[in-house]
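The entries below follow the order in which I checked them.

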Amino acid sequence: MSAELEDESPKAVIPAFVQEAHEWLQQIHVALDELQQGPHPDRHVTLAHTIKSGIANMGEAAAAIGLSEIERASCSALPFVAAVENPNGNISTNDFVGLCKQLGHIYSALTRATRVACEAEAVSGHAEKLPVTIASGELLSLLHRFRDQQAQLGNYPRNLLAAVIAQVEGMKKNGGERCNITSLKEFLARWSDGEEAFLESVQKQIPAVAAEIHRLKSGAGGGGQPSEQMQPIVEQVAQLSSVAQQVNAAQMLAFCTGLHSFLTLVMQGRVVVAADKYAAVESRLIDNVKALQNWVEAGRMERSAISGILPA
């Protein structure tokens with residue numbers, strides 16, 4: 001649970017908890033949808049961890065403020081996560097169905113807590129404007145129409161709309177008759193912010209990486225040995241790889257993973273690399289940063305379009 005929730009009384013933080021819980025559920029549904037598509041084993045483990053962490057966090061936060069129904073529903077869902085956690089395990093359709101049902105129980109408990117939250121705000125005398133909601137079926141029709149229109153134009157190559165539709169379908173399947181438009185727009189904004197922050201981090205750190213590769217290229221064939229100064233650069237690339245995985249930047253993830261392995265071998269003196277090979281790495285580095293910029297921009301445009309068709 002966040003520090004903001006920990007610093008206030010249980011009753012006072014119910015509205016904040018409800019909002020946070022909806023965010024967890026959105027992340028869980030997106031991860032679950034991708035998990036059911038049979039991703040690479042490493043990605044499978046990451047997605048399962050996202051689901052497990054979200055449910056566990058929700059249960060712990062609910063326990064801290066006395067929402068025992070949500071706590072119990074969250075705890076009951078964890079064994080169902082365990083059933084789909086191992087990518088090499090014998091996972092059946094029923095395992096996913098069982099997990100979806102348990103998420104439905106959490107959602108139902110959260111819906112009741114939402115009513116409590118609204119009542120608590122009204123009693124306090126300073127309730128804010130209630131969030132905009134729309135029937136889940138109506139929202140899906142709106143999103144499907146937009147999808148069909150864009151399919152003909154081909155404007156959005158990243159197809160983020162599919163993830164949003166899957167999320168809303170999951171909520172509806174689990175008993176969510178109405179969707180919180182305010183929370184959905186905030187989710188889209190946070191999604192975009194995460195990618196923007198990653199791009200900014202790459203732009204800040206890549207010059208040092210490029211400088212180190214240039215140094216290695218300049219020393220290639222001259223008898224110079226890799227120095228310990230490479231260690232921070234290797235760690236930077238590992239960090240970028242980790243964040244790329246978190247924001248699902250697949251191309252940059254693949255590049256950073258390969259670059260980390262390459263630089264590690266060079267640092268350990270296990271390979272001898274010609275100058276032209278370093279030049280090729282420099283070129284790929286530039287290409288991948290440009291590709292990341294285009295990837296982020298495409299996501300920004302698509303999320304803005306999706307947000308634009310949602311009710312005000």
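Entry 1. The model I am working from is predicted.

Entry 2. Helix α6 covers residues 136-153 and helix α11 covers residues 275-309. Their axes lie 10 Å apart, and the packing angle is about 135°.

Entry 3. On the α6 side I have Leu 142, Leu 143 and Phe 146; on the α11 side, Ala 305, Ile 306 and Ile 309. I sorted the residues of this contact into six nonpolar, no polar and no charged.

Entry 4. I moved to helix α3 (residues 41-64) and helix α4 (residues 68-83). I read an angle of about 160° for their packing, with the axes 8 Å apart. α3 and α4 are therefore roughly antiparallel to each other, the angle being over 145 degrees. I recorded a left-handed crossing where α3 passes α4.

Entry 5. Which residues make the contact of α3 with α4? From α3 I wrote down Ala 48, Ile 51, Lys 52, Ile 55, Ala 56, Met 58, Gly 59, Ala 62 and Ala 63. From α4 I wrote down Ile 70, Glu 71, Ser 74, Ala 77, Leu 78 and Val 81. Sorted by type, the residues of this contact come to 11 nonpolar, two polar and two charged.

Conventions. Residues are numbered from 1 along each chain as its sequence is written. This is a predicted model: local features need pLDDT of at least 70, side-chain atom pairs count only at pLDDT 80 or more; totals for chains, interfaces and linings use all residues. Side-chain values use heavy atoms; hydrogens and water are left out. Axes are lines fitted to C-alpha atoms, for helices over the stretch in contact, and angles run from 0 to 180 degrees between N-to-C directions. Helices (H or I, at least four residues) and strands (E, at least two) are DSSP runs, numbered from the N terminus. Angles under 35 degrees count as roughly parallel, over 145 as roughly antiparallel, 65 to 115 as roughly perpendicular and the rest as oblique. A crossing is left-handed if the near helix is turned anticlockwise from the far one by less than a right angle, and right-handed if clockwise. Contact means heavy atoms within 4.5 Å. Ala, Val, Leu, Ile, Met, Phe, Trp, Tyr, Cys and Pro count as nonpolar, Asp, Glu, Lys and Arg as charged, and the others, Gly among them, as polar.
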